[in-house]
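Have a look at the structure first, then read on.

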Amino acid sequence: MLNVDPQPLSAGARQTLLRVARDSIEHGLQQGQALAVHACDFTPELQAIRASFVTLNRKGLLRGCIGHLEAAIPLVEDVAENAFAAAFRDPRFPPLSLSERADLEIHISVLTPPEPLAFCSEADLLLKIRPGIDGLILQDGQAKGTFLPSVWDSLPKSEDFLRHL
């Protein structure tokens, strides 16, 4: 189970991350690679080792979503890498084109570390997940599926959330 961090970033930090994500995508369109950012140039809040996902939507439809479930690098660097990857490396979509950038919506999720959730049946799991709060990572051998907490917006019923995952 994973959650969006209950201690949200400051408004300034959120705006900075959105700018970095947009700049990384623009850099990708121009240079073919993610924008290189240096955490030391940013506030301590953005230098923290945190995991993020960047989701891109265009005209209300998913256009890319890439991220990390476990924190490994400073948040601002993670967002720059994930924004580029969501735009150009999501295997479900072709690389973003110049014509698509104008109406691109960028959403950033900063995650808490994943926590195991013990359950004994599907019914038990349905009772334990909290709609609108919890994300979920399900793994069976090498197969793994992940839904971020934001997926509840489109799948508000626990049964649908779990079934689609």
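What follows covers the ground rules, the nonpolar cores, the aromatic pairs and the cysteines.

This is a predicted model, so to speak of local features takes a pLDDT of at least 70, side-chain atom pairs count only at pLDDT 80 or more, and totals for chains, interfaces and linings use all residues. Residues are numbered from 1 along each chain as its sequence is written, and side-chain values use heavy atoms, with hydrogens and water left out.

**Nonpolar cores**

- The largest nonpolar core has 26 residues, and those with the most contacts inside it include L17, L46, L75 and V76.
- A nonpolar core here is a set of buried Ala, Val, Leu, Ile, Met, Phe, Trp, Tyr and Cys residues joined through side-chain atoms within 4.5 Å.
- Buried means under 20% relative accessible area, exposed means over 50%, and partly exposed is in between (1.4 Å probe, protein chains only).
- Two or more residues of this core come from each of α1 (11–31), β2 (51–58), α3 and β4 (104–111).
- The largest share, 9 residues, is from α3.
- Those element names are DSSP runs numbered from the N terminus: helices are H or I with at least four residues, strands are E with at least two.
- Take L17: leaving aside neighbours within four places in sequence, L17 is in contact (heavy atoms within 4.5 Å) with L9, L46, L75, V76, V79 and I108.
- Another core, of 10 residues, lies apart from that one, and L126, I129, L136 and F147 are among its members.

**Aromatic pairs**

- Searching the whole structure turns up 3 aromatic pairs.
- One of them is F84 with F88, a tilted pair at 4.9 Å centre to centre and 40° between the planes.
- To pair, rings of Phe, Tyr and Trp (its six-membered ring) need centres within 6.5 Å; planes under 30 degrees apart are stacked, over 60 edge-to-face, and the rest tilted.
- F84 and F88 both sit in helix α3 (residues 75–88), 4 residues apart, which is about one turn of the helix.
- F84 counts as buried because its relative accessible area is 5%, and F88 is buried too, at 16%.
- W152 and F161 make a stacked pair, 3.8 Å centre to centre with 0° between the planes.
- Both W152 and F161 are buried, and together with F147 they form one aromatic cluster.

**Cysteines**

- How many disulfides does a search of the whole structure find? The count is 0, where a disulfide is a pair of cysteine sulfur atoms within 2.5 Å.
- C40 is exposed, with a relative accessible area of 65%, and C120 is exposed at 70%.
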